[in-house]
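The structure is shown first.

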Amino acid sequence: MISPRAEILDKAHLFVLQHMTEVNAYLEEHVTQICQMHPSKNRKWVLNEHNRSFGEWFKERVMSLISQTPSLISNTVQWLAYGPGVLVRSYESKRRILGIDDVVDEDEYNQFDENPPFSTGLPTTYEDDNFDKHYTRNDHDEGMWID
């Protein structure tokens, strides 16, 4: 177990919140509030402020709603509002990630560099591929030619 920096935990938590259907209404409410409080700010500023402050705002908003009508807030939203845990499971090695940490023989281990245990076994390149062909676009005159 590791304890990542608070900044990393907050970013990961925001990512999770942004991908939870039950949190969508809160996300929209928060962005709307920021837009109303700062009508002269552009969209980029609003989104930066939203990303910076949503986690704490979400916690305060859910706690406020729980104190008023606890039965209307789902258990998932309540747990998410508490924020991320401070301890995170970590994986230190390629062997553990691939699930082959019990392999002792180095040659047996190295076979997974060419054909990982989760692959289809199909080659990634084919003899028919001709990488010497150059393709250019003529519908614009930007970019540069690379040989």
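Beyond its neighbours within four places in sequence, His30 is in contact (heavy atoms within 4.5 Å) with Glu49, His50, Ser53, Phe54 and Trp57. His30 lies in helix α2, residues 24-37, and is buried at a relative accessible area of 3%, where buried means under 20% with a 1.4 Å probe and protein chains only.

The model is predicted: local features need pLDDT of at least 70, side-chain atom pairs count only at pLDDT 80 or more, and totals for chains, interfaces and linings use all residues. Numbering starts from 1 along each chain as its sequence is written, and side-chain values use heavy atoms, without hydrogens and water.

Helices are DSSP runs (H or I, at least four residues) numbered from the N terminus. The axes of α1 and α3, lines fitted to C-alpha atoms over the stretch in contact, come within 10 Å and cross at roughly 80°. α1 is therefore roughly perpendicular to α3, the term for angles of 65 to 115 degrees. Leu14, Leu17 and Gln18 of α1 meet His50, Asn51, Phe54 and Phe58 of α3 in this contact.

The largest pocket has a volume of about 300 Å³. Among its 14 lining residues, Asp10, His13, Gly55, Glu56 and Pro84 are the closest to its centre. α1 (6-18) and α3 (43-68) each supply at least two lining residues, and α3 gives the largest share, six residues.

Key
On a 1 Å grid over the protein atoms alone, a cavity is a set of points where a 1.4 Å probe fits but cannot get out, and a pocket is an open set with protein on both sides within 12 Å along at least five of seven lines; lining residues have an atom within 4 Å of a point. Grid points are joined across faces, edges and corners, and a volume is the space filled by probe spheres set on the points. Axes are lines fitted to C-alpha atoms, for helices over the stretch in contact, and angles run from 0 to 180 degrees between N-to-C directions. Angles under 35 degrees count as roughly parallel, over 145 as roughly antiparallel, 65 to 115 as roughly perpendicular and the rest as oblique. Buried means under 20% relative accessible area, exposed over 50%, partly exposed in between (1.4 Å probe, protein chains only).
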